[in-house]
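Here are my notes from a first pass through the coordinates.

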Amino acid sequence: MKYLHAFALLITLACSSPAGAVQPDEMLPDPALEARARALSKDLRCMVCQNESIDDSEAPLAHDLRVLVRERLKAGDSDSQVMDFLVARYGEFVLLKPPLSWHTVALWGLPPALLLFGFGVVIVQNRRQNAAPEAPEPAALTATEEARIAELLRHDGAL
Amino acid sequence: MIPELGHYALMLALGLALIQGTMPLVGMRTNDAVLMNVASPVALAQFVFVALSFAALAECYVTSDFSVLNVYENSNSAMPLIYRFSSLWGNHEGSMMLWVFILVFFGALVAVFGTNLPTALKANALAVQAWIAAAFYLFILITSNPFVRIAEAPLQGRDLNPILQDPGLAFHPPMLYLGYVGFSISFSFAIAALLEGRIDAAWARWVRPWVLGAWMCLTVGIAGGSYWAYYELGWGGFWFWDPVENASLMPWLAGTALLHSAVVMEKRGALKVWTILLAIVAFSLSLIGTFLVRSGVLTSVHAFATDPTRGIFILAILVVFIGGALSLYAWRAPLLRQGGLFAPISREGALVFNNLFLTTACATVFVGTLYPLALEALTGAKISVGPPFFNATFGPLFIPLMAVMPFGPLMGWKRGDLLGAAQRLLAAAMLACIAIAAAYAIEHRGPVLAPFGVGIAVFVMAGAATDVAERTMILRVPLRAAVRRAMGLPRSAWGTAFAHFGIGVTLLGIVSVTAWGSERIAEIKSGDTLDIGHYRLSFDGLFNRAGPNYRDVVGRFTVRRAGGELVGAMEPSRRTFPARNMATTEAALLTRGVSQLYLSLGDPNPDGSVPVRLYFKPNVVMIWLGAVFMFVGGGLSLSDRRLRVGAPRPARAKAVLQPAE
């Protein structure tokens, strides 16, 4: 079903020039600054695309955002200042990793909660089973099943 | 004429599905074996009619019959035969045809190979299959008919989306669907067992081969899709945490959990209720995957609202099947008896641990994928949940799972010996430590924790080898005896070792590429060189090349080692498809061992320079190689005698000729 990824991409292509993500002319001469820009770009969403970071996207908007991020970095902003600037401008939608807030508690809390809950259930079940006497034998076989076993044994010889 | 025949055959299949869905259930109520036995021949007939219908559509595609709307919109007579055929499933209507075709294929397999199943179980399972099939026939016939004609047939078709014109895409969707739809079998068996109210270890033995088969197909299907995305989308990523990918990963995670819990149920009669639930969940996730991808809900909640016919229909299918199955489960499951006591430190305990982490990982992907949709629908707030979220949550769940994995197979049933297992894994652990040290010594760049990733991967691989070594007692008994023991080892033991080894291989690939891959982005002119790792690429220039339905602008590069020794040539291109006026990037790959050089071209500038992206991807091939190991492991396990006896076996006469073992 990966090709539907491509359909999603089609949407992207429709609104973008066939160019390629990060362009050589966008890149900063200072490698350290450029590396920071790349790292930040990976956490920022290209808002007209489906689930693509501005680092991967070919859309013109992604290009503008990449340039913007680099301008802020050149102006001396820290990483978090750049992020804050973009969130103030475009909202939380721009962040690919949503920050913990009241409406993302369920999102971030679910994996650990589920794991703890699972462990709890397993421990309780185990205690209860160990306390209970050994389970009774399974239900007796039906006549057809008995016949089937006899037939299997006859065919397979000594197993 | 042919499309009409195909259309009609599909309607007949719907009729047959309704018969197959009702008769056996009536038969079970009235205890009428004749009615119950109706299911098998009808399942076969249904398969024949759907095959006819599918063949009719394939014929339209292969012969480029543009009077059929679906063919006109998605095909082009200039395409090579393979893409004219594969464009059948490169669109919504056609892919639904493939879906039902595979569904009835599995139904027919159960009918043919399920000769040793209890009559009622088989009849009920086939009835449930028929209900799923009927729902999807209705969906196709009402909302997505691929046989619709155009009054004035156009001369040429609109072409298949160029990104999909690729051998990988000819093979990927069918494999993925085999996996998705394969889980329908375990689902049907689970429902049948709940209807009957009788579940025992034998149930797990019947169902496990189907789960294994589906899981194998899904594994290579996902890996194939990942490799396709890697080389076709032009920036060398192998996994994007795209909702569509997540839709296929969720059934895989649930299916992997099911595979393991079914072992416990088969061997020890424990975890019955849980296994049934997993069987329901695995297929439910497949259905949800279909819904997510098909309804347009992913693009945005609003796109779904503007054209909701298909979406609402699939949503109804989801509600009926998942809701119905879970209600039935809630009603009947408490009646099932749990069995099989075990200590927390035991093989069962390890498998429960595996299930706990796999299902949590699955739930994490599920919530991450659907949370933005739900939040927007409920509060209107728009947030994005992307790769950074999944990497942050999925990794911590998988690392403990991997670390514990080698212990599982070394534990005894009922009560395991943790210290003993740890002693036997000492060699593997030492190997892992050496790997960590080596990784620190060789690579100074990259994340500090990456060598530990390598360590875990090596531990998993060595752990799998330890399992086999322990069972064959190699190095402790003479080689000849060890070989004899190896031959006598159950194939399922080999299967486990292979599949677990594969996980380690994949992990090693992922860690290496993520931590130590290097990238060069540059604008170059003819004669320029680019250095990456130990390689130097020189750009020899651009030339044009014509394909059957596209034009290529090809860049020619010569690759040498830093010493000057010639390695080979790379020819990435920009490919333009006039039919849709679209361009794709055809990256060039140069494989050296299990590492690859990856080169893709941007659009050439007017001054003759070309933007290029060059990557060195260390150990990248291992990512997919691991999936091959898993597939082989699954196959070995599937061919285990225990399963052959318990499950599909066509020729009963052969059994007589089998030597006694």
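I began with the domains of chain B in this predicted model.

Next I looked up how domain 2 and domain 4 of chain B sit relative to each other. I found four residues of domain 2 of chain B in contact with eight residues of domain 4 of chain B. On the domain 2 side of that contact, I noted two nonpolar and two polar residues, and no charged ones.

Then I checked helix H11 (residues 272-294) of chain B. At 1.5 Å a residue, its 23 residues should span 33 Å, and the end C-alpha atoms are 33 Å apart, so the two agree. I also looked at burial: 22 of the 23 residues of H11(B) are buried, so this helix is largely enclosed by the rest of the structure.

Over to chain A. I read six helices and zero strands, in the order α-α-α-α-α-α. Of its 159 residues, 31% count as buried. Among contacts in chain A between residues at least 6 apart in sequence, I see 57% joining residues at least 24 apart.

Last, I looked at confidence. Chain A has an average pLDDT of 79, with 80% of the residues scoring at least 70. Among the elements of chain A, helix H4 (residues 79-90) has the highest mean pLDDT (91) and helix H1 (residues 2-14) the lowest (42). The pLDDT is below 50 over residues 1-19 of chain A, a stretch with 51 contacts in the model beyond near neighbours in sequence. A reminder to myself: where pLDDT is low, the predicted coordinates should not be read in detail.

Conventions: Residues are numbered from 1 along each chain as its sequence is written. Chains are lettered from A and ligands numbered from 1 in the order in which they are written. This is a predicted model: local features need pLDDT of at least 70, side-chain atom pairs count only at pLDDT 80 or more; totals for chains, interfaces and linings use all residues. Two residues are in contact if their C-beta atoms, placed from the backbone, lie within 7 Å. Ala, Val, Leu, Ile, Met, Phe, Trp, Tyr, Cys and Pro count as nonpolar, Asp, Glu, Lys and Arg as charged, and the others, Gly among them, as polar. Helices (H or I, at least four residues) and strands (E, at least two) are DSSP runs, numbered from the N terminus. The expected span of a helix is 1.5 Å times one less than its number of residues. A residue is buried if 20 or more other C-beta atoms lie within 10 Å of its own, exposed if 12 or fewer, and partly exposed in between; C-beta atoms are placed from the backbone. pLDDT is the predictor's confidence in each residue, from 0 to 100.
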